[in-house]
Amino acid sequence: MEQRWSIRLIRFAAVFGFIGTFLGSQMAGNLDYSMRPIHAHVLLVGWLSVFAWGIFYKVYRVKYKKLVAVHGILAMTGAFGLTFGMWMYNLNPFNLNETFVMLLFIIGGSLLLLAFLLFVLMTFFVEKED
Ligand code: HEM
Ligand code: HEM
């Protein structure tokens, strides 16, 4: 379970790394910094944090296997939800309803918060190594 989620998380992080650096180069090229917080979170959350979780599951065995899947899903939906929600809320490129974009942002951010909270527990659920 850990192995499968490790590579899944790392692949997800790799895609976010590319999207984030692409956004950064667009911002630099166009001298338009409106995407700055989205660029920052795509890279710090989607790339760095998710990558770190992926490596954690490569290194450690966890006692409760199902929680690995729950955390993996929360990590991915949270990283996507926060950054997508922030984009929709901050810039609203498709002119969506204001309450709707705010809800997207709140739900995405809450999923990510849960992923970080669950990860605290996961660090205590590792199998003992002698
Ligand atoms: C192709 C590579 C990258 C380019 C061209 C790029 C470009 C930029 C630009 C133009 C800004 C806005 C600066 C400003 O408002 O004055 C920015 C901000 C930022 N970038 Fe990047 N970036 C790149 C890669 C990265 C990477 C790899 C990370 C982290 C892993 C990162 C994290 C950040 C953060 C956290 C901010 C916000 C900084 C702040 O609030 O002061 N960037 N980047
Ligand atoms: C529940 C999750 C999170 C929410 C709701 C959230 C929300 C925000 C908001 C609203 C801002 C201000 C953006 C602006 O200036 O328009 C911000 C800035 C920032 N956050 Fe987060 N954040 C979250 C998680 C994180 C995490 C996990 C990291 C790092 C791993 C992070 C790193 C940053 C950085 C570096 C900035 C400054 C970026 C800039 O100036 O563009 N955030 N965040």
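Visitor: Which helices each supply at least two residues of the shell around ligand 1?

Guide: Welcome! This is a predicted model, in which local features need pLDDT of at least 70 and side-chain atom pairs count only at pLDDT 80 or more, while totals for chains, interfaces and linings use all residues. Residues are numbered from 1 along each chain as its sequence is written, chains are lettered from A and ligands numbered from 1 in the order in which they are written, and side-chain values use heavy atoms, with hydrogens and water left out. A residue counts as near a molecule or strand if one of its heavy atoms lies within 4 Å of it, and helices (H or I, at least four residues) and strands (E, at least two) are DSSP runs numbered from the N terminus. On that basis the helices are α1 (2–30) and α2 (36–59).

Visitor: How many residues does α2 give to the shell around ligand 1?

Guide: The residues around ligand 1 include Thr21, Gly24, Arg36, His39 and Leu48. α2 gives the most to this shell, and its contribution is six residues.

Visitor: How do the residues of that shell divide by class, and how many are charged?

Guide: Ala, Val, Leu, Ile, Met, Phe, Trp, Tyr, Cys and Pro count as nonpolar, Asp, Glu, Lys and Arg as charged, and the others, Gly among them, as polar. The shell around ligand 1 then has six nonpolar residues, four polar ones and, for the charged class, one.

Visitor: Which residue is the single protein donor of the iron atom of ligand 1?

Guide: Donors are N, O and S atoms within 2.8 Å of the metal (3.2 Å for Na, K and Ca); water is not among the atoms, so sites may look incomplete. At 2.0 Å from the iron, through NE2, the donor is His39.

Visitor: Which residue is the only protein donor of the iron atom of ligand 2?

Guide: Here too, look in helix α2. The donor atom is NE2, at 2.0 Å, and the residue is His41.

Visitor: How far is a polar side-chain atom of arginine 36 from an oxygen atom of ligand 2?

Guide: Arg36 is among the residues surrounding ligand 2. A polar contact is a pair of N or O atoms within 3.5 Å; within protein, one must be able to donate a hydrogen and the other to accept it, and residues adjacent in sequence count only if both atoms are side-chain atoms. For arginine 36 and ligand 2, the distance is 3.1 Å.

Visitor: Which helix gives the largest share of the shell around ligand 2?

Guide: Three helices, α2, α3 and α4, each supply at least two residues of this shell. By class, the shell has eight nonpolar, three polar and one charged residues. The largest share, seven residues, comes from α2.

Visitor: How far apart are the end C-alpha atoms of α1?

Guide: The expected span of a helix is 1.5 Å times one less than its number of residues. With 29 residues, α1 should therefore span 42 Å, and the model agrees, as the end C-alpha atoms are 41 Å apart.

Visitor: What is the relative accessible area of asparagine 95?

Guide: Asparagine 95 lies in the loop between α3 (65–91) and α4 (98–124). Its phi is near 50°, a positive value in a residue other than glycine. Asparagine 95 is exposed, because its relative accessible area is 70%.

Visitor: What kind of aromatic pair do tryptophan 47 and phenylalanine 51 form?

Guide: Rings of Phe, Tyr and Trp (its six-membered ring) pair if their centres lie within 6.5 Å; planes under 30 degrees apart count as stacked, over 60 as edge-to-face and the rest as tilted. By this rule there are 13 aromatic pairs. Tryptophan 47 and phenylalanine 51 are 5.1 Å apart centre to centre, with 45° between the planes, so their pair is tilted.

Visitor: Is phenylalanine 56 buried or exposed?

Guide: Ring pairs link Trp53, Phe56, Tyr57, Tyr60, Phe116 and Phe119 into a cluster. At 11%, phenylalanine 56 counts as buried.

Key
Buried < 20%, exposed > 50% of the residue type's maximum accessible area, 1.4 Å probe, protein only.
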